[in-house]
Amino acid sequence: MSMSGPAVDTEWRVPWFDGRASFRDEWPDIAGRVRRVFDNDRFAHGELTLELEEAVGRYTGARYAVGVSSGADALHLALRAAGVGEGDEVVVPAFGPRSSVAAVLRTRATPVFADVDAVSGTLAPDAVAARLSERTKAVVPVHVFARPVDVVALRRITDEAGVAVVEDTMQAMGARAEGVHSGLGGAAGALSFAPWNTLGALGDAGMVITDDAELARRCLLLRHHGRTGEVPGRPSEVSGSAAVVGVNSKMDEIQAAVLLTRLASLDHAIARRRAVAARYTGRLAGLPGVDVPLTTDDQVWPTYVLEVDRRDALADHLARAGVQTAIPCPVPLHLLTGGSPGTYPAAEAASARTLALPVHPDLATADVDHVCAAVALFCEGGRG
Amino acid sequence: MRPLPFFPPAAFEQEREATLEMIRRIGLDPAQRFVLGPAVTELEEEISRETGARYAIACATGSSALALALAAVGVEPGAEVVVPAFGCQPIAGMVVGLGGVPVFADVDPRTLVLDPAAAETAVTSRTTAVVPTHIFATMADMPAFRTMAHDRGLTLVEDAAVAYGAALDGKAAGRWGDAGVFSHAQFKPLGGIGEGGVVVTDDDGVAARCRASRDGDRPDGWSGGMDEMTARFLLRRRRGFTARMRRKAEIARRYTDAFAPLVEAGLLTLPAAEPAPGRFCHVYALLTDRRDDLAAHLREQGIGTHVYYPVPLPRQPAFARFAGRARFPNAEAVGNRNLAIPVWPGLDDEDVDRIIAAVKGFFASAVREQPR
């Protein structure tokens with residue numbers, strides 16, 4: 001088979017994530033905050049974590065923001081604070097991250113899967129309605145690829161059933177639907193600040209956002225072993241006793257330092273992501289065998305996800321062209337926990353067809369064009 | 001006179017510039033690995049080498065290390081796990097988190113560690129594991145627990161959260177059971193610039209299950225790896241570890257010598273001076289009936305103190321439902337009577353003398369004030 005189309009530079013490398021250029025600019029500010037951490041002499045859950053909680057509260061409009069050690073912990077604590085525990089059922093999409101299921105299993109509740117919408121890839125309200133039972137305590141819409149779930153439609157179903165909506169907003173810091181920040185359409189939302197997310201740390205960190213004072217109070221208890229009344233730096237007289245069984249989920253102060261710096265330029269970083277996504281879509285739309293993602297004004301592009309007929313072959317082809325990609329959900333979640341193939345067809349199709357391209361803010365236009373050329377070569381040149 | 005807080009002040013100050021440079025390098029590293037990267041692997045190898053364990057698995061916190069270890073040795077829903085009544089919440093909380101049932105046993109009144117005889121009586125046909133916790137300055141009687149675990153068919157998880165670097169009969173803390181757990185949070189013996197924990201084990205299966213759970217390969221995983229900057233910092237802090245622990249032991253010895261007359265007079269007991277195997281020096285605690293007055297007296301003189309675990313775990317609302325009607329008089333007594341005094345390596349001899357004088361001064365006036 002002869003090669004057709006433009007040649008692809010075989011020495012070119014486009015990594016999944018490379019934040020070095022931004023980090024160089026951010027470093028003086030981050031270093032100043034890290035010095036404050038040393039001055040305060042407190043390296044987990046201190047002044048900077050509290051400052052970040054306030055800043056995220058202001059940015060998202062959440063009344064309460066509770067900093068924890070990871071996005072997975074944020075979802076786990078939000079579920080527990082919403083009353084989920086042993087014997088309960090929690091509805092989760094069959095297409096999504098493993099961490100959603102892990103967060104449910106850690107509460108000792110049973111995950112119940114529901115199919116996703118074939119177009120949006122997010123939890124389908126009708127599918128949820130069919131999966132509710134008397135034991136259902138919560139529904140976890142996952143904002144997979146930061147496509148906002150239609151929480152309003154979902155709540156028409158859950159409110160009637162008396163079921164809490166706890167949103168796994170994943171990487172979707174900055175995403176809003178109808179002006180409401182992702183995670184605030186239900187009882188609570190879990191934010192992840194993993195390094196490649198729209199707001200990312202130099203390690204793991206996460207946050208629960210909510211407007212519910214009681215839910216926030218329970219999260220505060222749960223993140224520090226269930227201890228009551230602890231004030232940072234000033235353990236109260238009852239801090240030696242646990243009111244509930246909790247976990248240790250403190251945010252590292254140095255991660256809070258990094259996040260405070262990056263939150264200040266988050267909108268700029270999101271604008272850069274939007275420009276990269278727009279260029280991808282402009283160049284890839286219409287190629288045979290590839291569907292570009294739905295584009296809406298409120299998307300923040302933590303990942304740029306194609307649907308591809310021959311997904312694995314394209315991933316291999318891109319790897320040979322030096323492009324790192326990711327498969328968002330290699331195995332549908334119900335199949336990880338003993339379910340049968342064919343149960344959730346849309347989730348299974350999405351799982352087999354989706355491929356995420358690099359979309360970080362520092363990605364150069366030339367890199368985007370290299371990726372697009374490689375995809376075009378695959379689609380039009382019959383390679384792979 | 002400078003204030004002498006309980007927790008070591010500015011302990012990482014001499015690392016400040018190097019830490020900033022280290023963070024800058026991690027941010028600019030072409031590999032862009034921030035969690036479970038090369039520094040974490042290097043730390044795992046170092047901890048394996050130092051403890052002699054075949055495997056070390058570094059994760060996000062000491063609590064999650066304990067959860068990983070418990071799950072890996074087979075603690076499942078309904079499994080009973082024998083834990084000490086005196087200690088920190090995760091000892092019981094992580095068992096409950098896995099759906100297990102903590103069964104509390106009392107501690108030895110002199111050494112404050114889980115009493116093997118009490119633990120033995122707590123074992124039932126549903127018991128899966130026993131978790132001795134090393135406390136303050138004393139390792140639990142691990143040979144006795146090994147024998148018990150062997151004879152009763154239990155797994156043994158060694159909670160060495162505060163005992164990194166300690167040893168008993170020439171064998172490192174963490175190495176005595178099916179798995180051992182260390183914490184590397186800021187104020188632990190090998191403390192970091194964030195949260196972190198490590199599981200050590202010689203067992204292939206336990207190591208593989210801990211890794212799978214940590215890495216999110218299992219849907220029921222506890223998840224969460226150690227980050228690179230914490231691992232890099234801990235690798236750096238290993239330098240000087242022995243010297244810091246030696247200085248702490250020296251301070252402890254001076255306390256023990258100086259307080260001997262108070263012990264003889266029946267005013268104090270010193271857990272760190274009780275004969276016990278596996279001595280180390282993390283916390284130097286005094287036991288006295290006049291704990292709160294002594295704390296107030298020391299505070300007036302600018303000396304910080306700390307009360308550990310004032311409420312026994314089985315009496316805390318979170319765990320009361322697992323305690324039944326059992327009573328834990330030793331855990332109650334030590335909760336009411338312990339007062340830990342500063343023992344950080346940056347204390348100079350003058351500071352130590354000041355603390356000794358303040359403690360002695362309190363009891364001298366206390367003796368004078370006693371009704372005739």
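View 1. A cavity is here a set of grid points where a 1.4 Å probe fits but cannot get out. In this predicted model, the count by this rule comes to two cavities of 30 Å³ or more.

**View 2. The largest cavity and its lining.** The largest cavity, with a volume of about 240 Å³, is lined by 21 residues, and those that lie nearest its centre are Ser69(A), Asp73(A), Ala60(B), Thr61(B) and Gly224(B). When the lining of this largest cavity is sorted by class, five residues are nonpolar, nine are polar and seven are charged.

**View 3. The second largest cavity and its lining.** The second largest cavity has a volume of about 60 Å³, and its lining includes Trp16(A), Phe17(A), Trp196(A) and Arg273(A), together with Pro302(A), Thr303(A), Leu357(A), Pro358(A), Val359(A) and His360(A). By class, the lining of the second largest cavity divides into seven nonpolar residues, two polar residues and one charged residue.

**View 4. The two domains of chain B and the interface between them.** Chain B is divided into domain 1, covering residues 13–238, and domain 2, covering residues 241–369, and the C-alpha centres of these two domains lie 25 Å apart. At their interface, 39 residues of domain 1 are in contact with 34 residues of domain 2, and the two domains bury about 3200 Å² between them, with 69% of that area on carbon and sulfur atoms.

**View 5. Polar links between the domains of chain B.** Between domain 1 and domain 2 of chain B, 13 residue pairs are in polar contact, counting pairs with both residues at pLDDT 80 or more, while the rule finds one salt bridge across this interface. Arg110(B) forms a salt bridge with Glu274(B), in which the closest N and O atoms are 3.5 Å apart.

Note on methods
Residues numbered from 1 in each chain as written. Chains lettered and ligands numbered in written order. Predicted model: local features only at pLDDT ≥ 70, side-chain atom pairs only at ≥ 80, totals over all residues. Heavy atoms only, no water. 1 Å grid on protein atoms, 1.4 Å probe; cavity = no way out; pocket = protein on both sides within 12 Å on 5 of 7 lines; lining within 4 Å. Points joined across faces, edges and corners; volume = space filled by probe spheres on them. Nonpolar A, V, L, I, M, F, W, Y, C, P; charged D, E, K, R; others polar. Domains from an automatic or database assignment. Contact = heavy atoms within 4.5 Å. Buried area = accessible area lost by both parts, 1.4 Å probe. Salt bridge = Lys/Arg side-chain N within 4 Å of Asp/Glu carboxyl O. Polar contact = N/O pair within 3.5 Å; in protein donor to acceptor, adjacent residues only side chain to side chain.
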